[in-house]
Amino acid sequence: MATTAGQNQITRPTYHEVTRDIAATLGSPSRAYYVLLAIVVTVFVIGVGALLYQIRFGLGVAGYTPPVMWGVYITTFVFWVGIAHSGTLISAILYLFRSAWRTAVYRTAEAMTVFAVMTAGLFPIIHVGRLWYAYWLFPYPNQRQLWVNFKSPLLWDVFAVSTYFTVSTLFLIVGLVPDIAALRGRATGWRKKLYEVTALGWRGTDQQWRHYTRAYLYLAALATPLVLSVHSVVSWDFAMAIVPGWHATIFAPYFVAGAIYSGVAMVVTLLVPLRKVFKVERYITVEHFENLSKLLLLTGMIVAYAYAVEYFIAWYSGNPFERASFWNRAFGDYWWATWTMILCNGALPLFLFFRKVRRSIPALFVLSLFVNLGMWFERFVIIVVSLSHEYEPYAFGHYTPTWVEWAILAGSFGWFFMWFLLFAKNFPTVSITEVKEIIPLPRRERAHS
Amino acid sequence: MTTRGLLIVGSLTLAAATALFIASQSSGDLKAQAGPAPDTMAYTAPVDVDTTGLPGPVQPILYRHDVHAGEFEMDCRYCHYAVEVSASPAIPPVSSCMGCHIIAGSGNPEVQKLRDYWNERRPIEWVEVHEMSPFVHFPHHRHVSSEQGSFKELSLVEKCETCHGPVREMPQVYQFASLKMGWCITCHEKEDVTIDCTSCHY
Amino acid sequence: MAESSNGMNRRRFLTVLGVTSGGAALTGCSTDEVEKLIPYLVPPDHQIPGIATWYASTCRECPAGCGVHVRVREGRAVKVEGNPDHPVNAGRLCARGQASLQGLYNPDRVRQPMLRTRDGSFEPVSWDEAIGRIAAELGGGGSDIRFVTGYEAGTFDRMVDEWLRAIGSSGRLVVEPQGREAERLANRRVFGLDAVPRYDIGSARYVLSLGVDFLETWGSPVQQARAFAASHGYHDGHMGRYVHVEPRLSMTAMSADEWIAPTPGSEGLLALAIAHVIVRDGLGSPPADARRLAGLLRDADPASAAVRIGIAADTIERLAREFTAGPSVALAGGLGAQHDAAHSTAIATAVLNYAAGNVGQTVLFDRELPRPSSSYADVTGLADEMRAGTVRVLLIHGANPVHGTPAALDFAAAMGSVPFKVSFARFMDETATECDLVLPDHDPLEQWNDFVPRAGVHALQQPVMQPVFDTRQTGDVLLQVARQMDGAAAAAFEVTAYKDFLRQGWRDIQRRVGDRRPFEQFWMDALQRGGVFRDSPLRSVSLAADVANVDAMASWSVAGDGLALIAYPSPALYDGRGANRPWLQELPDPVTKVTWSTWVEMHPETAAEHGIAEGDVVEVHSAYGSLRVPAYLHPGIRRDTLAIPMGQGHTAFGRYAEGRGANVLALLSGDATAFGGIGTYASVTIRHTGEHVFLPKTEGKPRQMERGIAQAITLAELEHGEHEEHHGMHAAPVPEHIEDVLDQWQENQDEATRYGDYEGEHPRWAMSVDLSRCTGCSACVTACYAENNIPTVGPEQVRRGREMSWIRIERYFEGGEPEESLESRVLPMMCQQCSSAPCESVCPVYAAYHTPDGLNGQVYNRCVGTRYCSNNCPYKVRYFNYFDHQHSADPSFAWPEPLHWLLNPDVTVRAKGVMEKCTFCVQRIRDEQHRAKLAGQDRVADGEVVTACQQTCPSEAIVFGDLNDPNSRVSRAAADSRGYHVLGDLNTRPAVTYLKRVRNLVEA
Amino acid sequence: MSAQPSGILASFRFVDAAAEAIRTLKAEGYGDFTVYTPVPNVEIARAVGHRVSPVRRWTLIGGLTGCAGGFALTLWMSFDWPMIVGGKPIGPIIPYVVIAFELTILFGASATILGLLFHAWKTRQAGAYDGRFADDQIGIFVPCASDRRGTVQELLRASGAEEVRVEA
């Protein structure tokens, strides 16, 4: 049992307090919550409207300009898949490493993962020309007797993303069961029914714990390689192509690091308001943020390093196409996107070397927003800018997104936050059981002496 | 167009024969009702059919394939004259109907309809029975002239029937096969014909 | 022809058939709406559904009069191709010819007779009413009746004359912008002969063009392109040399080995100076009396001339030597070079040709001279007459003077004072809208007619299908009018139908060509072959008596410190008559690659001086008017020169032409030049308006960044056995041993992928493109649009780079820095059908895959639209349907009724959201394979499959065939030492082999 | 769960007390008691002394099935309608590794969950329960016949149970 709690011993709450405080987060929320919910739902609906418009008239309403055949949609797809990664990282990898501080934040991260994948999964569909046939990408038996092309990285994506969604959802649910059991008694009305069902008859008997702990361990063990594979696969969508600026061996680690980077940033973005709104500062403390920001710093520097390597290899390989492509990135029509990305992802995080910044929650919040922005632009630069300057100079083109694309992008945020808000209101966003776990059960000796 | 020339000559004689045959027995209908068909006939078409409840779309004229192709054993190519030379088999021009029906079939209301069309110089708007998706190219000439696999043993009309079904017994033609891709492929694989996509899709 | 469909409504039949075949929408599942099949009442002769019938006719898109074969399916003309038997074009056709179908099916055709009402609008009237009306207006006829036609050489020409005579008038005018007035005048002066010669470019080894766009609009472009390819195309070690002299780098100039940009208007002087040197040094084999030219040439000594031309004197000396080294020809003329002194250019050229002994060798005069068509001076004359009110009735056929003459002339206003004006236009163009009665003529593809493109060639036109609309052939209308008039007019013609009149004429032709057969035989034979073709006897010419005192020194020069403006005819739109054909509008200009609009070509430095960037709207001022046009920065134009193409700026003429660009004629003088033509040069000043537009051009970057995409090599290098062009592809040199390993590996992979690993013997379809023949004329592009149902997307989409042309002509510039000659290269880029195609492996649903016969198959109905294939295509030859161009209810529908009748029933029309691309005309391959199989052939023979682009290429640059047949033409071409694969280093193993362009440069 | 058997339900505040109680119970030969804890606790687990959960076998089998299935699926489908793309072999192994890998994870994870549900269901224990056991109390339920109740209550109190009550 991990007795070395990441937080100082003085303010350690008792089991009862934990249950009470976290159960309190499920009470009727403030007005702000509903306002927020209303806003995100509206944004989501706008996005849906834009999508319907696009379906009616064709993808031409988006800004695609050959040779740039992939644009904001794929950029956003990669962005959300990336966001998803930190969740599993925190819940699985840190679990295997037995790092105690994760317990307070992993539930949020995990929920974020599930909803981020749900969002990401929509974009390949939105992006294809005939989305009503998107299901042809699945190898299902059909009268045509045709199958799919497993050599295509897109197929790998289909499998990777759907696997990732399934596993991370299972992971979330399994973690929730004991908590729900703990809340069962306190809830009332329809929620009581809900919890009684979803608790799956959990009582915390010795046998249940026996199987539970094992199962959880193996899930974590499986999720760990999965999280690494998923973004590697996503990166191969690009690395497998011959497009200058895509065709690079560094892509898999580069993308994984970037994914975790953006994911952690998003966790911070979510936790800061969350701990205020639900008054769980006692459980999600500055210590947690400092740990997160260390993670940010690490991954951020890996990403920055990857940028440097890309340019170096472009020069060192002597490949004229690569050189031209990267020259165009830095000084071409899209210089602004490239430099936004470098500033947000490479430069700003360096402030995290200062302990003051790491422990200043407002500073972290702002920084996390910048990182989110920067990571979106990273994908934009990789996808759009590389495509705009390929092999045929005659066929170079310049792509600018249209309002439809921006609306659908915004809509995706609406969709994501809508789910997150609904989750936060109805399920504990801090794990009751695991927070208790890092608090030792009272012992008789200590009590008497 | 020598093939077509021969076709026309051949089919005209056939037409003449048919015309005489019909003319010779003005009350042939009754005979057909009464006894079983003479041996000479492969198949006897029912005299009147109730179109309601018959499969297949209702046509502007109840053209009886079972009578023409079945009972009178007319060759498919008499009407669908292009089937051996062209990708599309051709819908018979009204004139080739009138070849016989200028004389034959008087008193038959359906024949009367035909004559009206002819006299009013109106084309007949037949309803398409075998609908194929527009992005599929089905070369009829290649199929009816095929010697591939089991097609070696088949007569022309049998080749037609592999896709079109027993048209010789259809008072009103209906779609016999699904004509879906899987159905095509099954046969192509069985007969060891190409299954290259661009042999049909382009 | 598709005759005798006895009253059955062909139109309805066609549309219905259109639904089931041609206009078929591509959807995933079959449509559930009920389709109707409508048979013929009586089948038209030799028409079998599903099998195309071909009719020989004549293209009337320009005066060249090429012979065509029209492909007719189920009674609809669906494709126009060159007539191989025709002496003019030998089976080839230009973009304008390919687009003639869009004239036939143009949705903006005048669908029935239209009469102007009091309020000025037009209302439909019956033919009888209309004809009655004309007869009434003509009354007893009279000399105050004027009949304007386009250039007609043949029976209709004769009929109009006879008809006019019958109604007692001689007021006949032929309005043809390419009047070639200057050349005719020159030959009058120099040889005493009012005619234009035939230039035998094919047998010349040295071509000197003095501003002539002989590959674009001048003379007979297709014939000249063929001849030029014969002369200049590289053929085992030999090729001619071509020098082009013009202030701007035109499409024709792009093929030149040397481009000389003289001071605008001074190219005549150059010709004269060359002649001077020839006579001075007695170079070559000049005719005996050539010395009579000495006096005329006296002042044209190289030294002084060079200064005025703006080149080095020794260049002139060199050109003179080159010119006389072998069979050569000098060309002058063309609207694009028609400045006020163009006649002295023509005179100088005639003199030069004579001095070099080319007359009778490469410059040939026919014995029988065509009827000289009237000049622009006559048009101005007519305008004056009309203003003076001495014209009572004006009839206009096949000409659009209101748009085609300088605004300064204000022809429209002049027409205003004519009481009754009749137009026989097929479209409501600027002139027709000024008329009181419009009697739509048949389209050339719907009518009986004939045409004499040159002496000895009598080409027939026959209707290839039932008229699309309620139109009537003007010949018939004239006969009917005559019959309604009293007295002489009625008696003048014994025939009642123009067809009979035509046949009468052909009885004479039969007599003249000395054909003994019965007429019907002769006639049927002529119909099938497209006419009767004889070589015409030549006449020998000698210098005119007073040639010595002809003044050839005149040259045009800019007024004051202004800039020279050149108004040149557009290769696609000609003088503007092509502007209502979407294919031609969307066809990128061969030089600037701009579509759907007008631009002003300007040298980058000139632009910089005025602070002008590409797309900035410039106001161009001349003495006669001003124009606002966006700038296009063109390195291939002199710093003191601007150029604007003709053809746009229509105020009428249908949805595709109206309100696009500007009409450059607004800047030109309304007066005829000394030689009686339009002066297409003007002195102008420019002003930056501060506005900006995005030019709808299809080009990304004009430089190929040393990527060796369009490669060239000099003749000298080839002779020295060098075949590598040095481009910067290998920045990091690969060591020898690695090189070997890579080669070995590539060989293995090539072996493995040659058949795409499919079992059994298959052909490997492949193509070769000879860049030493390709001129960039873009005929292949339009042919591809026609064959493959490619939608036109319009300027807005072109701006977004969404044009769909499966084959595009890439144009790159090399050099052009100060003190460095500018070289331009063109390269037709279509799907390379790679063996190891990057696009195939990334498609998740096998929509892109490799066929056993080596094609890079694209299954439209399987495509989901991930567009991954396009990202991964290094050649960028995959095109995506961003909108629903095939859906009639959609705003972006590309074939408004009846335009959809030209859809090729053998090719699926692609739907919204799918990727499409070139598949080497797979429908033609399959058809040939069916044919071969039924004919009992075991395989398709070489040359039996001909792709649309190959078929039409005027210079025969494209060869197509089976690479697995070692004896096929394409195999031999692919083995050529000039052969290379674009971006071959990517190991995509393309099936398209390009043969390097060869440049015949002078030894330094 | 089946009808609740009668027995003694004790609740502890201190984990070591509960552990001691468990040990004595086992020593006295009471095998079929149930321990309720709000969190998994090693000390308790040791005292109860279960063997390692068999769930891991499910994971293994699931994973292997996924891997095999992945290769089978891809290869069979490729050869069912062989189509050349990009001049590559019909059934290359390397790209299919990705699919096989993802299916390994998918099946492994799903099997683990099924295993958890199955075993948790198989080893379910009937007995009295109190909501506090999910909060901060440790509970022990000893099913026993009415005649033994006295001794068991004694035993549990002795090991330090705060509260012992009879569940009939």
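**Figure 1. Contact between chain A and chain C in a predicted model.** Chain A contributes 57 residues and chain C 65 residues to the contact (heavy atoms within 4.5 Å). The size of an interface is often given as the accessible area lost when the parts come together. Chains A and C bury about 4800 Å² between them, with 57% of it on carbon and sulfur atoms; buried area is the accessible area (1.4 Å probe) that two parts lose on being put together, summed over both. Arg130(A), Glu392(A) and Tyr394(A) supply 19% of the area that chain A buries against chain C, more than any other three residues.

**Figure 2. Fold of chain A.** Chain A has 16 helices and 0 strands, taken as DSSP runs (helices H or I, at least four residues; strands E, at least two). Its radius of gyration over C-alpha atoms is 23 Å, close to the 22 Å from the globule rule (2.2 Å times the number of residues to the power 0.38) for 449 residues, so chain A is as compact as a globular protein of that length. The C-alpha trace spans about 85 × 55 × 40 Å along its principal axes.

**Figure 3. Burial and charge in chain A.** Chain A carries 35 positive (Lys and Arg) and 21 negative (Asp and Glu) side chains, and the centres of the two sets lie 10 Å apart.

**Notes.** Residues are numbered from 1 along each chain as its sequence is written, and chains are lettered from A in the order in which they are written. In this predicted model local features need pLDDT of at least 70, side-chain atom pairs count only at pLDDT 80 or more, and totals for chains, interfaces and linings use all residues, while side-chain values use heavy atoms, with hydrogens and water left out.

Methods:
Buried means under 20% relative accessible area, exposed over 50%, partly exposed in between (1.4 Å probe, protein chains only). The place of a charge is taken as NZ of Lys, CZ of Arg, CG of Asp or CD of Glu.
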